[in-house]
Amino acid sequence: QNIEPILLRFLQEDEPASVIFGIKAALRLRAPTTLPIIRKIARRAFKNATAGDAPLLSERNAWWVQYEALAALAQWEKGDALPLLKRKAIEAPPVARLLGLFLWAESLPQIAHWASGGRADAQRAAEALNAPVPAAALRATRETMLGYLRDPKAAAELRHKLALKIGMSSTATEVGALLKEYEA
């Protein structure tokens, strides 16, 4: 509680590095008074689809501040942050990576939907599918991933990426069974 006023000051600074420090510290400490400010930062409209699209360094920094705010909400609020993250992934496809990192189980159906969409949706799906998903989340969704893998109508890239994730989350016995299924 004694540090919360300091974190609030960091979150209201003009310097992006200070704001990011404030976001990360607030997340680490779960300082409740900082959550409304982090939400406000996260809800801003992205001016560019990616940080690399921003012509000015200040705009790139602002992009990363907002991304870090979204990452903090994904970890702090979990599923409650999912609707906001989905909306922000429409504005900025790299935000979909946060879905893979922190909300894999909850967002797998959305990721699969994006994978079968147009180019922009496929980019969002790729961001989420390329994220290093925690092993426990992969294991928990193994059966769901197998369902998509076995669906011939599912997008080829989705099936490929999920096959890799299934392999990483499988036991030696399960890998053997998958190989036999593939050969058959």
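Predicted model: local features only at pLDDT ≥ 70, side-chain atom pairs only at ≥ 80, totals over all residues.
Trainee: Let's start with the fold. How many helices and strands does the protein chain have?

Mentor: Going from the N terminus, the order of elements reads α-α-α-α-α-α-α-α-α-α-α-α. The C-alpha trace spans about 60 × 35 × 25 Å along its principal axes. The tally for the protein chain is 12 helices and 0 strands.

Trainee: And what percentage of the residues is buried?

Mentor: Buried here takes a relative accessible area under 20%. The protein chain has about 10,100 Å² of accessible surface, and carbon and sulfur atoms hold 56% of that. Out of 184 residues, the buried share is 43%.

Trainee: What share of the contacts with a separation of 6 or more joins residues 24 or more positions apart?

Mentor: A contact needs heavy atoms within 4.5 Å. Take the contacts in the protein chain with a separation of 6 or more, then keep those between residues 24 or more positions apart, and you get 66%.

Trainee: Now helix H1. Why do its buried residues line one face of the helix?

Mentor: H1 covers residues 4-11, and its buried residues are Glu4, Leu7 and Leu11. Look down the axis of H1 and they sit on one face, because the arc they fall within is 60°.

Trainee: Which helices are among those that cover the buried residues of H1?

Mentor: The buried set to be covered is Glu4, Leu7 and Leu11. Their cover includes H2 and helix H3 (35-43).

Trainee: On to pockets. Which helix gives the most to the lining of the largest pocket?

Mentor: That pocket has a volume of about 320 Å³. It has 17 lining residues, and Arg44, Lys47, Asn61, Ala62 and Trp63 are the closest to its centre. Two elements give two or more residues to this lining, helix H2 (16-29) and helix H4 (57-76). With 6 residues, the top contributor is H4.

Trainee: How many charged residues are in that lining?

Mentor: Arg44 and Lys47 are among the residues closest to the centre of the largest pocket, and both Arg and Lys count as charged. Across the lining of the largest pocket there are 8 nonpolar and 3 polar residues, and the charged ones number 6.

Trainee: What about the second largest pocket: how many nonpolar residues line it?

Mentor: This one holds about 280 Å³ of space. Its lining is Leu149, Ala163, Ile166, Gly167, Val175, Leu178, Leu179, Glu181 and Tyr182. By class there is 1 polar and 1 charged residue, and the nonpolar count is 7.

Trainee: Which helix gives the largest share of the lining of the second largest pocket?

Mentor: The elements with two or more residues in this lining are helix H11 (156-168) and helix H12 (172-183). The largest share is 5 residues, and they come from H12.

Trainee: One for the backbone check. Where is Arg30, with its positive phi?

Mentor: Phi of Arg30 is near 50°, positive although the residue is not glycine. Arg30 is partly exposed, with a relative accessible area of 40%. Its place is the loop between H2 and H3.

Trainee: Lys78 has a positive phi too. Is Lys78 buried or partly exposed?

Mentor: Lys78 lies in the loop between H4 and helix H5 (82-91), and its phi is near 50°. Buried would need a relative accessible area under 20%, and exposed over 50%. Lys78 has 44%, so it counts as partly exposed.

Terms used: Residues numbered from 1 in each chain as written. Heavy atoms only, no water. 1 Å grid on protein atoms, 1.4 Å probe; cavity = no way out; pocket = protein on both sides within 12 Å on 5 of 7 lines; lining within 4 Å. Points joined across faces, edges and corners; volume = space filled by probe spheres on them. Helix = DSSP H or I, 4+ residues; strand = E, 2+ residues; numbered from the N terminus. Buried < 20%, exposed > 50% of the residue type's maximum accessible area, 1.4 Å probe, protein only. Arc of directions from axis to C-beta. Areas by Shrake-Rupley, 256 points an atom, 1.4 Å probe, with all protein chains shown as cover.
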